[in-house]
Amino acid sequence: MQYRYITMGASKTDFFTEQQNELAILAKALGHPARIAIIEYLLKVNTCICGDIVNELPLAQPTVSQHLKELKNAGLIKGNFEGASICYCINEVGFEKIKGFFQDISKFLENKNNLCC
């Protein structure tokens, strides 16, 4: 009997730093207008129940729940049970990572170090 060994190649994300991978996950989570609208709503109200978000967006409840799940998995929002409902709020840790990235870009732009045409 001949055995065939299958070697698993490295994932493309393995070639990047942990910080680069984390930022990519955060950026991907923000890559949908419904998720941007959810973040904007949470910033405005500071905390809310899932049903509040459903009433705010032109999307069905299961669709809103999926977007909330993506934001939560990325670490941009937190959700806590309050009775039978989940109360969502901004997760500061995820946004601190994004803030640091954009601060680096802002410093670069302020120093006008860009010699590119």
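Here is a short walk through the model, from its core out to its surface.

The model is predicted, so local features need pLDDT of at least 70 and side-chain atom pairs count only at pLDDT 80 or more, while totals for chains, interfaces and linings use all residues. Residues are numbered from 1 along each chain as its sequence is written, and side-chain values use heavy atoms, with hydrogens and water left out.

Start inside. The largest nonpolar core has 21 residues, and Leu42, Ile53 and Leu68 touch the most other members. (A core here is a set of buried Ala, Val, Leu, Ile, Met, Phe, Trp, Tyr and Cys residues joined through side-chain atoms within 4.5 Å.) Two or more residues each come from H1, helix H2 (33-45), helix H3 (50-56), helix H4 (61-74) and E3; helices are DSSP runs (H or I) of at least four residues, and strands (E) of at least two, numbered from the N terminus. Beyond its neighbours within four places in sequence, Leu68 is in contact (heavy atoms within 4.5 Å) with Ile38, Cys50, Ile53, Ile77 and Tyr88.

Next, look at Asn91, in the loop between strand E3 (85-90) and helix H5 (92-111). Asn91 counts as buried because its relative accessibility is 14%, and the cut-off is under 20%, with exposed over 50% and partly exposed in between (1.4 Å probe, protein chains only).

Now for the outside. Lys28 sits in helix H1 (residues 18-29) and is exposed, because its relative accessible area is 66%. In helix H5, Ile105 is partly exposed at 32%.
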